[in-house]
Amino acid sequence: MTEALLDPLPGLILLPLAWGIAAFLLGPGRGAAPAIVTLSLQFLFCLQLTHQVLADGPATHPVGGWGAPLGIDLMADGLATAMLLLTQAVALPLAVYARAYFRPGAPEARHFWPLFGLLLAGLNGLFLSADLFNVYVTLELVGLAAVGLVAMGGGAGQIAAALRYLFATLLGSGAYLLGVALIYGSYGSVSITTLEPLVAAHAPTLVGLAGGLMLLGLMLKTALFPFHFWLPPAHGGAAAPVSALLSALVVKASFYLILRLWLGPLAPLSALHPLLPWLPALLGTAAIFWGSWKAIRALRLKMMIAYSTVAQLGYLFLIFPLLGALGGLQAGIMQAFAHGLAKAAMFAAAGVLIKATGQDTIAGLAGAAQKLPLTLFAFGLAGVTLMGLPPSAGFLAKWQLIEAALGQDCWLIALVALAGGLLAAVYVFRVLRQAFLLTAPESSLQPVPRSLEWAAFALASASVLLGLRGVELMQLLHVGWAG
Amino acid sequence: MSAALAFDLLLAAGLLWSAWQSLSSARLDRAILLFITFGLLLTLAWARLSAPDIGLAEAAIGAGLTGALLLDAYRALKQGSDAQVNR
Amino acid sequence: MSTGLLFALVGAALFPMGVAGLLVQRHLLRRILAFNLMGSGAFLILVGLAQRQDVADPVPQAMVLTGIVVAVAATALALALTRRLYALTGRLELPDVEHD
Amino acid sequence: MKKIAIQLAALVFALVLGSAMLDLDPAPVDLRPAVAAHLEASGVAHPVTAVLLNYRGYDTLLEVAVLLLALFAILAVIPDSQTGRPTPAAPVLQTLARLAVPLMLVTATFLLWAGAFRPGGAFQAGSVLAAALVLLHLTGLLAGWPQPGARLRWGLAAGFLVFLAVAAALLLQGHLLQYPPAWAGLLILCIEFALTLSLGLLLAGLFLFLSRDTEGAP
């Protein structure tokens, strides 16, 4: 009886739904405490799931007891479990951060907690779903929650950014939905496990179109260059806890789906032409250079971090030509972890700096290091991860990527990874140099709650320390690896 | 050609026409009314596809509520400035 | 030609029509209209293609019911944002992407 | 230039998509027999309702969450300080609306009850309920809603809460949303009843919360 209640698969979806609704019922601005308590529980569920998956292999849960293809299956293999871990690991510190960030009764945060809860339910549901149509519903849950979070600031710039984001995300999920419709028409099922052998046996033109549509829609949602136009205003304009959530997690969800499709039901199609995997890699390369260039030139701190996200997402797409071996996938997921934790830390630190200095330009940071050493330390640690210096998780990700690239004679990819690291160093040091200037003209920094600084620091140190414990994560990805 | 097929073809043409018109109409209020027309034609299409459940939902939500929301937004925005809304 | 296939073809025309509208139009209400046409196209294909032998299939029908509700939710949110933007700036178009 | 390119691309895409649809073999999987075979155990006699609330009930649970979410986002965007009673309609229209609303309530009840064995169900019934509220608003009998108080919040969330509670309780029996065949009909009816009320409020809310945001342009 109680065993069923402790099944992490449905638990990870029901819990955030429950605290999201509870926050709504409690009233505007309320709900931080239940969120943080339940998020801790979710984190424990995730750890339990990790042990379970490592010990017994992929876990499944047939919702309704019917089983695919009539019903919907939840499925957690190594890849899904890793993404779930990342999600809860980023969300918990950010919840603590958000609680201190939004003043009680702040009008812009009235509906933060319900939106946050449903966003997490959508993310967890997306990672766990083994059904293409169910994935569509979770995609909309994630997309609309993200748009609502951007818009809740209420400023004209934020509303415009939210609308642009909304149109992009709706276009993306529309293309995805059309792909699902074509797949159902072709095979009569939307269950991923049912589809895999069917696509391998026979794939008419229509399925090729469907695959292309789904991947294109998801790339738009992941803001892969040249579809990145919506990301900087949305991520750069939202409140700091929201920017952190969006950059660290939301864009990773559609990336995860691309991977899931590419390695799963669409694998027979992606193997059709040897140059096909190079297309995402090419766009990824362009993203790294363009995003870094814009980040180097940005005047506003959060804009700089948002463009850095455009660049860092590029690395995720460098792995596609390398997916013939497990090393490629491991590099990609390690990068997702490194960037997720570091970018959450960076936005969190930026939020502290903005609150303290009362403005958002990089030039205005002069002297901030003397007053807020912990925050600047967190920013620097996150920067170490983005640059890929040892011993950070970013280093491990780059190392894995270069190793996999050289192992498969793709030295171009290795070069791009190295160049991207150098560019990251330029934009990170630009901020640090400014903050460590000793000429503090006026010392009119506002006091900032300590918990904000500590949450940023916790995320940043996690992004570095993960580099020392990367082996476990690598092991996890073995589970369910087909190739 | 059977009567059913003729009806289907007519309905298909009506759907495409109203959709095209609602996208290209110069006046916004006309575009919204054409969109509602499109929704009602779509309800017929669902009936032809033996999907009365969707037909009901389309009439109530797709054409009805969405149309009402659009018209209400149009009315509210029109109070601001006529010239800009109606482009 | 079966009824199902015919309406799937209509959907195949509607979807790109809606996408083009979403990309080309500048007026926000028109873009919201275009999004709804795009969605309707996808719904017609989902049911029509599955029923190309003209036998009713309840599974895609239920999916479309879900889709319609999701579409109206998205439309309402888009309209709320549009009205808010208009109240704040008096504009009904998105500003060009600023290169900050 | 860009405009023509997009329209041309859309045309080409439509042609490619249409022609690819024309040469398609029959689908290898057919779920219709499975849907029919388990209809007895699903608790409802109408196949679409069975898919919606039993076989793929999880989709529907998340779909209601999407609707609630859109409402949260709308509430987060609209300002507090507005009064939104539209100008009252002509007395004749008001009388007509007063007459129509009870009829619509009857229709909603019928649709809800019908869903178990023929077209209809919570979504259709809920939208009729919403239409009744919108009609009252448009004729000036019901003001636009302000930020919801506790009672309205519970009303909006009730359907989802019941659904979620049933889903979680059934987890004790085995799997999420796994209805025991003997109880399936009753449980689904309970969910549909609560959903109808909440969907009515939610769908009407999309309209009534928005209609307060009518302040003119600056």
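Reader: Which residue of β2(A) is the bridge partner of H61(A)?

Author: Keep in mind that this is a predicted model. Strands β1(A) and β2(A), residues 59–63 and 72–76 of chain A, pair in the antiparallel sense over five bridges. Look across from H61(A) into β2(A), and the bridge partner there is L74(A).

Reader: Okay, on to the chain contacts. Which element gives the most to the side of chain D that touches chain A?

Author: Here 45 residues of chain D are in contact with 53 residues of chain A. The elements giving two or more residues to that side of chain D are α1, α4, α5 and α8 of chain D. With 14 residues, the one that gives the most is α5(D).

Reader: And how many residues on the side of chain C that touches chain A are nonpolar?

Author: That contact takes 28 residues from chain A and 32 from chain C. On the chain C side, α1, α2 and α3 of chain C each give two or more residues, and α3(C) gives the most, with 15. Sorted by type, this side has three charged residues, five polar ones and, to answer you, nonpolar ones numbering 24.

Technical notes
Residues are numbered from 1 along each chain as its sequence is written. Chains are lettered from A and ligands numbered from 1 in the order in which they are written. This is a predicted model: local features need pLDDT of at least 70, side-chain atom pairs count only at pLDDT 80 or more; totals for chains, interfaces and linings use all residues. A residue is buried if 20 or more other C-beta atoms lie within 10 Å of its own, exposed if 12 or fewer, and partly exposed in between; C-beta atoms are placed from the backbone. Helices (H or I, at least four residues) and strands (E, at least two) are DSSP runs, numbered from the N terminus. Two strands pair if DSSP finds at least two bridges between them. Two residues are in contact if their C-beta atoms, placed from the backbone, lie within 7 Å. Ala, Val, Leu, Ile, Met, Phe, Trp, Tyr, Cys and Pro count as nonpolar, Asp, Glu, Lys and Arg as charged, and the others, Gly among them, as polar.
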